[in-house]
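Dear colleague,

I am passing on the structure discussed earlier, and below it you will find notes on what came out of the analysis. Please read them with the coordinates open beside you.

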Amino acid sequence: MQYPDYRPRRLRRTENLRRMICETKLDPGDFIYPLFLVTGKGVQKEISSMPGQYNLSVDKAVEMAKKAHGLGIPSVILFAIPEHKDEVGSEAWNDRGLVQQATRAIKKQVPGLVVIADTCFCEYTSHGHCGVMIKGELDNDASLENLQRATISYAKAGADIIAPPGMLDGFVGAAREALETEGFEKVAIMAYSAKYASAFYGPFRDAADCAPQEGDRRGYQMDPANAREALREVTLDIAEGADIVMVKPAMAYLDIVRSISDEVDLPVCAYNVSGEYAMVKAAAMQGWIDYDRVMMETLLSMKRAGCDMIITYHALDAAKLLG
Ligand code: PBG
Ligand code: ZN
């Protein structure tokens, strides 16, 4: 059928007709809200490159988690900016560390909220790389042992999901093995499977104070030019025991989200990263774009590309609009 017999506009005529043919829906249940932890009490300090996002002490993080929960958001992901950094990032597996404290507090005060512990080292190392450096290079296998230590420490604190983002070989398998051995077989792993070496992480590195002192992350994160390699990474992570696979960043990588969600039957997460958030916020603050509409369109595009969940700094704003 063709025009004039077929007229697609017939079904776009009214609000209810449009609702009936709507293919993709956003729901607060799609969102995961990131929280940035700092030491202290009563601290809620806005992150300059991420307006509307904060560095939070544990007590304030619990309040924020309650707010997210109240808006129907099912989960938070925790990052920490520790006071003490060292060569290997040992504060990451301190049982009294910020992520561990916040996990315990949130699980106690906001039961039901899913706590995801980001399990990287770059916030904890003095050099800002995502693991142990040997002779100027990120050492894969030495980093795996520390990853197992951190994984167990977060699991003991009550984390529901461990999310190792370092893009080191064997990360997922090492985390899974540690969880099984220590009796945490119920803890899930969200693998940062296709994580690209992206300039869109800029504001996050300010927020989490985790920019590498020297060099960059191209020796472990993926080249933005590569698509097939993303599928290979995902396949490996699934074989190693991932429960959820992730693509990061999201906006400029929706082709990757689509191909992965077509190829694999595990849940797919898209990480709507700090630079994507900052661009939308900045343009909106200039009055150049409509914040609410651009935010919703952006998030919708990720779901349309096939992801099941989105880590996003917009979570509270978007959930409020949807509510
Ligand atoms: C740490 C980490 C980064 C992000 C999440 N975990 C930065 C990086 O890899 O350099 C970025 C998140 C964002 O930009 O919102 N490995
Ligand atoms: Zn890292």
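Does Asn 55 count as buried or exposed? At 12% relative accessibility, Asn 55 counts as buried, where buried means under 20% relative accessible area, exposed over 50% and partly exposed in between, with a 1.4 Å probe and protein chains only. Before going further, please note that this is a predicted model, in which local features need pLDDT of at least 70 and side-chain atom pairs count only at pLDDT 80 or more, while totals for chains, interfaces and linings use all residues. Residues are numbered from 1 along each chain as its sequence is written, chains are lettered from A and ligands numbered from 1 in the order in which they are written, and side-chain values use heavy atoms, with hydrogens and water left out.

Asn 55 belongs to strand β3; helices (H or I, at least four residues) and strands (E, at least two) are DSSP runs numbered from the N terminus. Leaving aside residues up to four places away in sequence, Asn 55 touches Phe 36, Val 38, Val 43, Gln 44, Lys 45, Ile 47, Ile 81 and Ala 207, a contact being heavy atoms within 4.5 Å.

As for the chain as a whole, it holds eleven helices and twelve strands. Of its 323 residues, 52% count as buried, and among contacts with a separation of 6 or more, 74% join residues 24 or more positions apart.

A cavity here is a set of points, on a 1 Å grid over the protein atoms alone, where a 1.4 Å probe fits but cannot get out, and lining residues have an atom within 4 Å of a point; points are joined across faces, edges and corners, and a volume is the space filled by probe spheres set on them.

The largest cavity contains about 120 Å³ and is lined by 16 residues, with Cys 122, Lys 195, Phe 204, Cys 210 and Lys 248 nearest its centre. Its lining comprises nine nonpolar, one polar and six charged residues, counting Ala, Val, Leu, Ile, Met, Phe, Trp, Tyr, Cys and Pro as nonpolar, Asp, Glu, Lys and Arg as charged, and the others, Gly among them, as polar.

The second largest cavity has a volume of about 40 Å³, and its lining divides into eight nonpolar residues, one polar and no charged. Strand β1 gives the largest share of that lining, four residues.

Best regards

How values were computed: 1 Å grid on protein atoms, 1.4 Å probe; cavity = no way out; pocket = protein on both sides within 12 Å on 5 of 7 lines; lining within 4 Å.
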